[in-house]
Amino acid sequence: MENLLWANSRWGSKLLAMAIACLAAVWVAVPFLWAIGNSLKTHADIFKPGAIIPFLQFTPTLDAWRDVIGDPQALNCLFSSALVGVGTTLLVLLIGTPAAYSLARFEFKIKSKDITLWFLSQRVLPPVVVLTPFYILLAEFGLIDTWIGLILLYSTFNLAFCVVIMRDIFRDVSKEVEEAARIEGASLWQIFWMIALPLSLDGLIVTAFIVFAFCWNEALFASAVTSQHAATMPAFILASRSTRGVDFNFAAVNTILAIAPPVILSFFVQRYLARGLSFGAVKG
Amino acid sequence: MEATASVQSKAERGFKYALLAPAVIWVIGLTFFPILAAVHYSFANYVLGEGITGYVGFDNYARLLTDSGFWYSIFITVLYVGITVPIEVCAGFILAWLITIGLPGRSFFRPVLTAPLFTMEVAIGYLGVTLFTDQGGLVSALLGAFGIQIPWLSTAAGGLAAAMILDIWIWTPFVFLMSLATLSAIPNDIYDAAMLESSSHWQVFRHVAVPLAWPVLTIAILLRVIEGLKSFGLPYALTSGGPGTSTQLFSIMADLTTIQFTDFGRGSAMGIIYLILASVVISYFFKQMRKRIE
Amino acid sequence: MSQDRSREHFQELAAGFLAGRISRRHFIGQAAKLGISAALLSRIMTSRAYAADSNLIDSSPDYPNESPITKERIAFLKNKPYKGQTINVMVLKATVGDGLKYWVPKWEEETGGKVNVAEVPIDTLHQQIFSDLQTTHKYDTYMTGAWFYGDFFVPKEPYIIDVGPYLKDPKYPYWNPDDWIPAMRTLYSWQGKVYGVLFDGDAQILYYRRDVLEKAENQQKFKDKLGYDLPNPPKTTKEMHDVATFFTGWDWNGDGKDDWGISLHAKVNEQGFFHFLTLAAPYVCSPNNKYFWFHPETFKPLINSEGHLRALEDYVKFLPCGPKEAISWTLGQGWSLFLAGHAVMEPTWGDLPTFAQDPKESTVKGKVGATIIPGTSEAFDPIKGQWDKFDLNSVGNTNGGSWHCVISRFSKKKEVTYDFLAFMATKKNAIYNCTHGFTGVQPGMKFEYFPPVGTGKVEEWVEQGWDPDEAKRYLDAYYQNLSLPVQETYLRIPGAAEYWHELDVRVSAVLAGQTQPKAALDDCAQAWERITERYGRDKQKKLYAESFA
């Protein structure tokens, strides 16, 4: 594919494509670089005009980094975020993928399209409205400030993603192969497990990414339902807003700390994503 | 013959329910009480420390529906989504297309272009304050070099614009990822065949990529609209809804009412009104978009 | 002759005792030596309800972290009384949170107890405190802002406990609520009983660049332009306006860029409205009227009275005297403008002069002057509905959070908790807190100030990097503010945050030019009425009355 589409392009188009991609990469990079810059500034420098390039226009300092990393709560929050993110993703995939497959292949008394819409509707209500009832619910079961409590909450919120996205992936992929296998006498479970899942691996990975990203990102419930042990990075970042407003250099350090693990992770996972992509091609 | 048919369909039935049930039970189980509670509160007068002090019928609803501030917040929320989502969708899809057709350096671009998705909206909001401020902010400095001065954070329009720019930065990768997944699920042969037929990238894009990716794209658009309407962390960190209440998106208003002021009565009513409005709009949207493919 | 001498001596002693300079023990001893009868003495002494200070020792080498200390306390500590006990504290993640954390290891070492500190973002602090009080009961004590008090007293049995009984028991760390400047004590009390243990004491006063106001050139220019001497510092609101306007728009600090007269941040939800409250006080509060917020009988909002309106109109006049973007600045950004040397004045908290001492944060060390908020010559009495004239009506304030800990009624370890809180409130530790900037604590106790008011030592401040004169100026002005006979009353009824927010967004809208002052305040009053209705007018009225003590 690469060969045919890309090779057949005029070098003008290739250049344009490259330019757009590079521009996009710069667009993505600028805020990160700015965050790095902010994390190296003193309070006074944050709002000093002209303090853009470190060393040339302002003296960088590691104070903010030292303060944040020296705070054991920072690492604790990173760990909590990771744990909750992974836990939620696994739980969501576990519960949601079979449901999505079922909705993709079969019909129910209620149209599966409408059931999907119902799942989607779970995401419509702003979480803040149900915050207190959820808090009370968790408190009833002693799950305030626990990882399990957060995982249960987040799974509920994110199940919709898995169901909706995977249903669509399943609908397109592997129908013929499945039919062939059926004729061969494979059982429904075998088809689901051995054919449908592997062929939609890239969809699963994308879903996993999205669910993980949402958990990583979620600030409202994290700060309302946890106080110490299970506090995640977003709660930690929110706390850089103190009685004197935001400590922007701390917030910048937190931003970088918070984004580093998933981004590094995604660099690794991308390789599998690539495999997943070419898998579709090989199937031909 | 009949026996096998009914056995098959019974096995099928068992199977399909077994797969679907856990998810449905989960969602109902965990959302039933909270949503019921929200509806319950919406008809009550709630005071911190005393709980529900009385029931007020539709009073909370009536007050909100006649509050111009409430409608204003819904208006700018819709505006916010109406501008950011189309841009995110176009940009995300085009970038995914470029990767799909074989852009060199894919293994570099893919993770880089996905990265913003993992940032925290609140953190980016704070970053945005330092980016858009005219006291040493990067954006102001760059624009200043061309003699342009935009009052980003001291006006409603500027504040909304800054929030939208950052929103696009964060969420374009979402569309990018989903487009990537679906574009790459399309077999190469189809692209090759189309290419041979028309030998124009644009034609392949328009007649092959977009139609085939449309189902998943619909989902992406829908999800972005749903999420976008709930936008909170980013605009809140950037402007706190100010100056005054001119950038107070719906979720900011809901957060203030429910969390800061513990006015669950009004907050829940807000949520229910929003739920009804949004559900109507979204399901109409959904059905329209689906019509195009089915 | 000797009788006269001893009478003089006695008068000196009495004066010293009443001013808090001499300890009760010393006074009794010396008075007895002079032959003063016990009966007479007992009439002079108010009955001290707190731990017998006749047992007070100035310090104990075994327990260097508490001073002064009672004999009972020393005995009590000998066998690590709280060994194996853990208390849970909820604080906000901020300077004051750091201040509290600093004392944890010291207290743990002395008493054997353990403190588990949870730091919570300021946005969810209120929600977390009350969620815990209503459901989980996990925390023994919370660091609260003074405006939360109303909410604590809503239920029939308040959520927090009165610490009076503990104060009487000499085995706890010694601190004395009578040492408070009365205006500050109010924020820790309710209906005369003390509920909070000393920690922070906030107030806003006016800080200014004394070097800029002292410069002869500037004084000459001012006189030429405005026809009277440059007030150094401004004492009336008109003078403050003139100074702010005069110093706006030209480069008086020599850095090549035009500078500003005043720094007033106004971002919504970032405590910007405190500037307005602080500056508006003398327009409404006066010796004739103490009501700023609500009418005590009808509980109708007073926020749109003529006095408040004029205050807001005058406040808006400051708008051109600062950068346009300031209306969307956070508190820290507002401070930055002054600390970087670009603004002549800023009415704000004690963090400003504290940061001014740090060369990493400021360029104005040694240049900061401090004074009470300028007063007015006319104040509106909203109850009578008339303007009263004064020579100079100066009003003090205790605006701010005045963050401190209160003990939950549900705590199963109230004594242990009180012990920890009182530990941080002993004289020695209180002084440490207010001299060390990282704690964010400001002085609320008389002894923290320099003589003749208190027993503070300027060396302690210098050690922390303070310019000694600056420290004196700051503390003088701060004390003056807190001791002004007329104080702006602090709103401590349920929903205080909500009432304030309605004001906050409207002041912000006026500053952004989105609405006019009269319309904004009228609208605010309407919004306040709705809030009042929701909470219950009678209840609000009752709690409003209770909150004054």
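A crossing of two helices is called left-handed if the near helix is turned anticlockwise from the far one by less than a right angle. In the predicted model described here, helix α6 of chain A passes helix α8 of chain A in a crossing of this left-handed kind. The two helices, formed by residues 112-121 and residues 147-172 of chain A, pack at an angle of about 145°, and their axes lie 8 Å apart. On the side of α6(A), the residues that take part are A:Ser112, A:Lys113, A:Thr116, A:Phe119 and A:Leu120. Their partners in α8(A) are A:Leu159, A:Ala160, A:Val163, A:Val164 and A:Arg167. By residue type, this contact of α6(A) with α8(A) consists of six nonpolar, two polar and two charged residues.

Attention now turns to the interface of chain A with chain B. The size of an interface is often given as the accessible area lost when the parts come together. For chain A and chain B, the buried area is about 9,900 Å², and carbon and sulfur atoms account for 78% of this area. Chain A contributes 108 residues to the contact, and chain B contributes 104 residues. One salt bridge is counted between the two chains. This salt bridge links the side chains of A:Arg123 and B:Glu227, with an N to O distance of 2.4 Å. Within the side of chain A that touches chain B, helix α2 of chain A (residues 11-39) gives the most, with 15 residues. That side of chain A comprises 80 nonpolar, 15 polar and 13 charged residues.

Chain A also meets chain C. Here, 27 residues of chain A are in contact with 34 residues of chain C. The area buried between these chains is about 2,600 Å², of which 50% comes from carbon and sulfur atoms. Of the area that chain C buries against chain A, 20% is supplied by C:Lys93, C:Pro121 and C:Lys360, which is more than any other three residues supply. Five salt bridges are counted between chain C and chain A. One pairing joins C:Asp123 to A:Arg241, whose closest N and O atoms are 2.3 Å apart. Twelve residue pairs are in polar contact across the interface of chain C and chain A, with both residues at pLDDT 80 or more. The elements that give two or more residues to the side of chain C that touches chain A are strand β4 (114-120), helix α6 (122-136) and helix α15 (331-339) of chain C. Helix α6(C) gives the most, with nine residues. On this side of chain C, twelve residues are nonpolar, 14 are polar and eight are charged.

Finally, the backbone was examined. Most residues other than glycine have a negative phi, and most peptide bonds are trans. In chain C, the peptide bond from C:Asn232 to C:Pro233 is cis, with omega near 5°. C:Pro233 belongs to the loop between α11 (216-226) and α12 (237-246) of chain C. A cis peptide bond also joins C:Pro451 and C:Pro452, with omega at about 10°. The loop that holds C:Pro452 runs between α18 (427-435) and α19 (458-463) of chain C. In chain B, B:Ser240 has a positive phi of about 55°, although this residue is not a glycine. B:Ser240 is located in the loop between α10 (233-239) and α11 (250-260) of chain B.

How values were computed:
Residues are numbered from 1 along each chain as its sequence is written. Chains are lettered from A and ligands numbered from 1 in the order in which they are written. This is a predicted model: local features need pLDDT of at least 70, side-chain atom pairs count only at pLDDT 80 or more; totals for chains, interfaces and linings use all residues. Side-chain values use heavy atoms; hydrogens and water are left out. Axes are lines fitted to C-alpha atoms, for helices over the stretch in contact, and angles run from 0 to 180 degrees between N-to-C directions. Helices (H or I, at least four residues) and strands (E, at least two) are DSSP runs, numbered from the N terminus. Contact means heavy atoms within 4.5 Å. Ala, Val, Leu, Ile, Met, Phe, Trp, Tyr, Cys and Pro count as nonpolar, Asp, Glu, Lys and Arg as charged, and the others, Gly among them, as polar. Buried area is the accessible area (1.4 Å probe) that two parts lose on being put together, summed over both. A salt bridge is a side-chain nitrogen of Lys or Arg within 4 Å of a carboxyl oxygen of Asp or Glu. A polar contact is a pair of N or O atoms within 3.5 Å; within protein, one must be able to donate a hydrogen and the other to accept it, and residues adjacent in sequence count only if both atoms are side-chain atoms.
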